[in-house]
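Please look over the sequence and the model below with the following briefing at hand.

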Amino acid sequence: MAAPAPGDLVAGVRGRQVLVDGTLRAATLHVADGRITAVDAYDAPVDGPVLTAPDHAYVLPGVVDTHVHVNEPGRTAWEGFATATRAAALGGVTTLVDMPLNSIPPTTTTSGLAAKRCAATGQLSVDVALWGGAVPGNLDDLRPLWDAGVMGFKCFLSPSGVDEFPPLGPAAFDAALRTVAAFDGLVIVHAEDPAVLADAPVRPGGAYRDFLASRPHEAETAAIARVVAGARTTGCRVHVLHLSSARALDLLADARAEGLPVTVETCPHYLTFDAEAIPDASPAHKCCPPIRDAGNREALWDGLLDGIIDVVVTDHSPATAQEKLRGDGDLQQAWGGVAGLQVGFQAVAHGAAARGIDVARVSGWMATGTADLVGLPHKGRLAPGADADVLVLDPRVPLHVDAHALAHRNPISAYDGVELSASVTGTVLRGRVVVRDGAVTAGTGRLLGRP
């Protein structure tokens, strides 16, 4: 029987290194109706087409990326559902959760949610769920959004960069936490303190060290302290987005020890790059909070290994060349955001391997942990009853990242020119092959809500 091609449904997935219950072992996954029905021996017979991974390759659950800015409708020139989900599939991401900004309208009302769902229809190569947003004046919209199926609510404590998504002040933040706690929802927070940012030195120009000084560690630690205090006071579940500063790890560990409902993520670019190696006037590397020094990077890896940091997500935040290059190299003017949806998992797997960390840990941070964060128990694991969402990672197929070859709409990425030690060579979504050796089947994704 010929090997399954993109678009084909499979009855099984077979490999010598299949991640089952946290352990890599030889196994066959039986698939029917888009779900895994059984985990069997490697040589078990299967009635139908089987995707067989090379003996040396890893068969892992599809990545669940819970922090992606698709920017459609309204700013589709920045990305859009078609290109974002194609890039996701090529990078082994089978489910993504789209942020409530920078689309127009933002997903802060049920009408904004409807506009988002309408825009996504018919364009998806992978499954997509949606975050809602908490902004000044929309307290009464939060419960209707929750009932309509959003996974939680994003807010900013400092300016977001777009006028239609303003930050919450202290009183409004606490009010949002109390409102969301009443229905056991989740608030996810861009945690940088506006007062600290206002006091930081802002020097126009392309020097990365100057940009870094304008977003100091203290902006994160002060804001995270406020988030922790809010969780303590209200009991609301809170999640700290894109942790950059390792100086907040002790604060987060103390919150965990106290039993507070606080979780935290970091991102591949914080685990891959370091400030000393970033060239000046490189807006592809600009993000907020910023990429910091190498010692900080290694401390973030330690935070993952110690269980203080829960998950790793890309925070894919692209923009047009016009926005990214605004200011002609002036990092204070350029749009902040790293485009890494297609390569984020492979970058973290590469960094983990270089540090002697098993790929099973990476999958836990980027598939199982993220699925659990947003309440999708049928995603992010290879087990009976779970969706048959699978990626094949081949450590004998290195990846040279060429931003112009990525499926992202705009060919600008901090990863341009990076050499990675392994590639995603196959992706299966609910039993259908959506990627095989670089070929993609579009239109197979679904819109998801909370179960």
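The sulfur of Cys267 has its closest cysteine sulfur in Cys287, at 7.7 Å, which is too far for a bond, since a disulfide is a pair of cysteine sulfur atoms within 2.5 Å. This is a predicted model, in which local features need pLDDT of at least 70 and side-chain atom pairs count only at pLDDT 80 or more, while totals for chains, interfaces and linings use all residues. Residues are numbered from 1 along each chain as its sequence is written, and side-chain values use heavy atoms, with hydrogens and water left out.

**Cysteines**
- Cys287 has its closest cysteine sulfur in Cys288, at 6.8 Å, and this too is too far for a bond; the structure holds 0 disulfides.
- Cys267 counts as buried at 0% relative accessibility, and Cys287 counts as buried at 3%, where buried means under 20% relative accessible area, exposed over 50% and partly exposed in between, computed with a 1.4 Å probe on protein chains only.

**Salt bridges**
- Side chains of opposite charge can pair when their charged atoms come close.
- A search of the whole structure finds 21 salt bridges, each being a side-chain nitrogen of Lys or Arg within 4 Å of a carboxyl oxygen of Asp or Glu.
- Arg215 forms a salt bridge with Glu192, with the closest N and O atoms 2.8 Å apart; the pair links distant parts of the chain, 23 residues apart, with Arg215 in the loop between α6 (208-213) and α7 (217-234) and Glu192 in the loop between β11 (186-190) and α5 (194-199).
- Helices (H or I, at least four residues) and strands (E, at least two) are DSSP runs, numbered from the N terminus.
- Arg215 and Glu192 are both buried.
- Lys379 forms a salt bridge with Asp387, where the closest N and O atoms are 2.9 Å apart, and another with Asp389, where they are 2.7 Å apart.
- Asp389 and Lys379 both lie in the loop between α13 (359-373) and β15 (390-394), so their pair ties together parts that are 10 residues apart in sequence.
- Salt bridges that share partners join Arg35, Asp127, Lys379, Asp387, Asp389 and Arg430 into one network.

**Aromatic rings**
- The count comes to 8 aromatic pairs, where rings of Phe, Tyr and Trp (its six-membered ring) pair if their centres lie within 6.5 Å, and planes under 30 degrees apart count as stacked, over 60 as edge-to-face and the rest as tilted.
- Phe153 and Phe183 form an edge-to-face pair, 6.1 Å centre to centre with 70 degrees between the planes.
- Phe153 lies in strand β10 (residues 153-156) and Phe183 in the loop between α4 (170-181) and β11, so the pair ties together parts that are 30 residues apart in sequence.
- Phe153 is buried, with a relative accessible area of 0%, and Phe183 counts as buried at 11% relative accessibility.
- Ring pairs link Trp146, Phe153 and Phe183 into a cluster.

**A residue in helix α12**
- Ala349 is found in helix α12 (residues 344-354) and is buried, with a relative accessible area of 10%.
- Leaving aside its neighbours within four places in sequence, Ala349 is in contact with Val362 and Leu393, contact meaning heavy atoms within 4.5 Å.
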